[in-house]
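This briefing goes through a structure topic by topic. Please look at the sequence and the model first, then read the points below.

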Amino acid sequence: MNILIVDDQSTMRTLIRGMLEKSGFASLDEADDGDVALNKMKQQAYDLVISDVHMPRMSGLEFLKQARGTEALSRVPFLMVTTESSKSAVLEAIKLKVNGYIVKPFAPETLREKLSKMGIAPPEPGGGPEGG
Amino acid sequence: MQSEKQFVQHLRSRFLDAVNNHLTQIQMPDLGEYYETKESLLEMLSEEALYLQQKRDIILSEINAYLSGA
């Protein structure tokens with residue numbers, strides 16, 4: 001289970017990484033904007049992308065749009081991280097077939113529940129790097 | 001020039017983006033477990049302060065530009 005965390009704020013990436021590690025996810029990668037993330041996705045397969053909406057240069061929505069418009073990346077599950085005020089952004093993300101969204105501020109339990117609803121679970125212990 | 005409503009909505013979005021990122025960190029019930037040492041925790045707080053300061057400055061500059069009719 002390879003997960004890509006995309007946020008311009010390094011402290012948020014570290015926090016989300018920590019939440020995922022505590023939930024049992026081990027194969028985690030990071031990108032600080034949509035451009036970098038798209039390049040990483042073209043070079044490596046990810047099972048999930050967790051992306052912030054508010055990012056300079058390329059917004060999370062534009063990133064999602066470009067991924068959905070790229071055949072090889074169009075089916076990668078996306079979980080968008082947004083603020084309360086981004087209701088229009090959420091609607092736009094739903095149009096772009098986002099798989100889920102989470103509203104900041106959020107607790108680790110909220111992230112775990114959201115991933116569970118999306119059918120994403122950490123690999124079984126001892127299941128090897130691909131186990132899960 | 002954007003309408004007052006559009007501007008307030010934009011500011012609301014900017015404000016919540018800045019504050020909710022920070023709250024996600026500092027409201028974490030077990031925040032200490034995410035940072036193995038006191039130094040790494042202090043480093044995170046220092047980075048958070050910098051992000052918050054940058055976002056405050058952007059919000060202020062946008063308000064000032066709006067008030068000056070830019």
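What share of the contacts in chain A with a separation of 6 or more comes from residues 24 or more positions apart? Such residues account for 58% of these contacts, where two residues are in contact if their C-beta atoms, placed from the backbone, lie within 7 Å. This is a predicted model, in which local features need pLDDT of at least 70, side-chain atom pairs count only at pLDDT 80 or more, and totals for chains, interfaces and linings use all residues. Residues are numbered from 1 along each chain as its sequence is written, while chains are lettered from A and ligands numbered from 1 in the order in which they are written.

**Chain A overall**

- Chain A has five helices and five strands; helices (H or I, at least four residues) and strands (E, at least two) are DSSP runs, numbered from the N terminus.
- From the N terminus on, the order of these elements is β-α-β-α-β-α-β-α-β-α.
- The radius of gyration of chain A is 14 Å, close to the 14 Å that the globule rule gives for 132 residues, so chain A is as compact as a globular protein of that length. The radius is taken over C-alpha atoms, and the rule is 2.2 Å times the number of residues to the power 0.38.
- Along the principal axes, the C-alpha atoms of chain A fill a box of roughly 40 × 30 × 25 Å.
- Buried residues make up 37% of the 132 residues of chain A. A residue is buried if 20 or more other C-beta atoms lie within 10 Å of its own, exposed if 12 or fewer, and partly exposed in between, with C-beta atoms placed from the backbone.

**The sheet of chain A**

- Five strands form an open sheet in the order 2-1-3-4-5, with parallel pairing; two strands pair if DSSP finds at least two bridges between them.
- Strand 2 (27-31) and strand 5 of chain A stand at the edges with a single partner strand each, so one side of each is left without a neighbour in the sheet.
- Strand 3 of chain A is joined by four bridges to strand 4 (residues 78-82) of chain A, and the two run parallel.
- A:D52 stands opposite A:V81, which is in strand 4 of chain A.

**Loops of chain A**

- A:R57 has a phi near 65°, a positive value in a residue other than glycine. A:R57 lies in the loop between strand 3 (48-52) and helix 3 (60-68) of chain A, and counts as exposed because it has 12 C-beta neighbours inside 10 Å.
- A:K97, also not a glycine, has a positive phi of about 60°. The loop that holds A:K97 runs between helix 4 (87-95) and strand 5 of chain A. With 12 C-beta neighbours inside 10 Å, A:K97 counts as exposed.
- A:K104 and A:P105 are joined by a cis peptide bond with omega about -5°. A:P105 is in the loop between strand 5 (100-103) and helix 5 (108-117) of chain A.

- Chain B has three helices and zero strands.
- The radius of gyration of chain B is 16 Å, well over the 11 Å that the globule rule gives for 70 residues, so chain B is more spread out than a compact globule.
- The C-alpha atoms of chain B fill a box of roughly 50 × 20 × 10 Å along the principal axes.
- Of the 70 residues in chain B, 13% are buried.
- The contact takes 15 residues from chain A and 15 residues from chain B.
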